[in-house]
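Q: I'd like to learn how to read side-chain features in a model like this one. Can we go through them one by one?

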Amino acid sequence: MIGIESLAGAAFDTDGVLTDTAALHAMAWKAAFDDLLRGLPGSTAEEARAPFDIATDYPRHVDGRSREDGVRGFLASRGLESLDEEAIVRLATRKDRIYLALLRHEGAPPRPGVVDLLVALRGLGVATAVVSASRHCERVVAAAGLTDLFDVRVDGVEAARLRLPGKPDPALFLEAARRLGATPARTMVVEDALVGVQAGRDGGFSPVVGVDRGAGAAELRAHGADVVVADLTELAPLLGL
Ligand SMILES: [Mg+2]
């Protein structure tokens, strides 16, 4: 059981905790790369021209990397390193535009238990923050219909403006707690990434909740999670909600 009466704030990671946008990213990459691959000269090896495979190419070459590094990684895997920097940036920009269009069109539904938990916390006077390294955080939160359930947002736009280092540095979470007017010791961090739970622990947050979306419970605990849940429906009862 986590003592809800001692909680003053709660800070939530975005992707993997509140929503799942990985599928939209994968679709956007496929659209952008397949367009490029179709345009390659017929003399290019057939294996190099095969369409982008979401099941294998996405996790191996682009997931978790910056857009430009994703482009470079995938092209290198096809032996297509000859593209110049300008073309790489153009392709990365195109992927980003497709992703935003998909986000507008498909939306990003909240993960199970998210809305109920946020409503319950706020009802008990616990202030809520959304934290993300993404510059698109505001749009993702809006697409999930969660905008009004957060008091504070610290995202990639703010991080760049304030020159805050990314996770595992706790800077983003510390900025969120500061804006919530809550000490880290009385602020819950909810994260699905190992670098995220590590940031929670190193920032002195309590409790640090790990959401296991594939990182593994043991690994999440080793990086600083006090509690591990599969999704937020499991967190509410631990808070006595
Ligand atoms: Mg995440």
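Q: Let's start with Asp192: is it buried or exposed?
A: This is a predicted model, so take every value as computed. Buried means under 20% relative accessible area. Asp192 has 16%, so it falls on the buried side.

Q: Which residues coordinate the magnesium ion, then?
A: Asp192 is one of them: the ion is coordinated by Asp13 (OD), Asp15 (O) and Asp192 (OD), at 2.0 to 2.2 Å. Along the sequence the donors follow the spacing D-x1-D-x176-D. Asp15 lies in the loop between strand 1 and helix 1, and Asp192 in the loop between strand 4 (187–191) and helix 10 (194–202), so the pair ties together parts that are 177 residues apart in sequence. Asp15 is partly exposed, at 32% relative accessible area.

Q: How do I read an aromatic pair?
A: A pair of aromatic rings is described by the distance of the centres and the angle of the planes. In this structure there are six aromatic pairs. Take Phe12 and Phe150: their centres are 6.3 Å apart with 65 degrees between the planes, an edge-to-face pair.

Q: Where do Phe12 and Phe150 lie?
A: Phe12 is in strand 1 (residues 9–13), while Phe150 is in the loop between helix 7 (137–143) and strand 3 (152–154), so this pair ties together parts 138 residues apart in sequence. Phe12 is buried at 0% relative accessibility, and Phe150 is buried at 11%.

Q: Why is the pair of Trp29 and Phe33 called stacked?
A: Planes under 30 degrees apart count as stacked. The planes of Trp29 and Phe33 are at 15 degrees, with the ring centres 5.2 Å apart, so the pair qualifies. Both residues sit in helix 1 (residues 22–38), four residues apart, about one turn of the helix. Trp29 is buried at 3% relative accessibility, and Phe33 is buried at 0%. Ring pairs also link Trp29 and Phe33 with Phe52 and Phe74 into a cluster.

Q: What lies over the face of Tyr99?
A: That's Lys95, at 5.1 Å from the ring centre.

Q: And what about salt bridges?
A: Side chains of opposite charge can pair when their charged atoms come close. The count here comes to 20 salt bridges. One of them joins Arg90 and Glu86, with the closest N and O atoms 3.7 Å apart. Arg90 and Glu86 are four residues apart in helix 5 (residues 85–106), about one helical turn. Arg90 is exposed at 53% relative accessibility, and Glu86 is exposed at 59%.

Q: Which residues does the salt bridge of Arg201 involve?
A: Arg201 pairs with Asp202, at 3.5 Å from N to O. Asp202 is partly exposed at 46% relative accessibility, and so is Arg201, at 41%. Elsewhere, salt bridges that share partners join Glu158, Arg161, Glu175, Arg178 and Arg179 into one network.

Conventions
Residues numbered from 1 in each chain as written. Predicted model: local features only at pLDDT ≥ 70, side-chain atom pairs only at ≥ 80, totals over all residues. Heavy atoms only, no water. Phe/Tyr/Trp six-rings, centres within 6.5 Å; stacked < 30°, edge-to-face > 60°. Helix = DSSP H or I, 4+ residues; strand = E, 2+ residues; numbered from the N terminus. Buried < 20%, exposed > 50% of the residue type's maximum accessible area, 1.4 Å probe, protein only. Lys NZ or Arg CZ within 6 Å of the ring centre and 35° of its normal. Donors = N, O, S within 2.8 Å, 3.2 Å for Na, K, Ca; no water. Salt bridge = Lys/Arg side-chain N within 4 Å of Asp/Glu carboxyl O.
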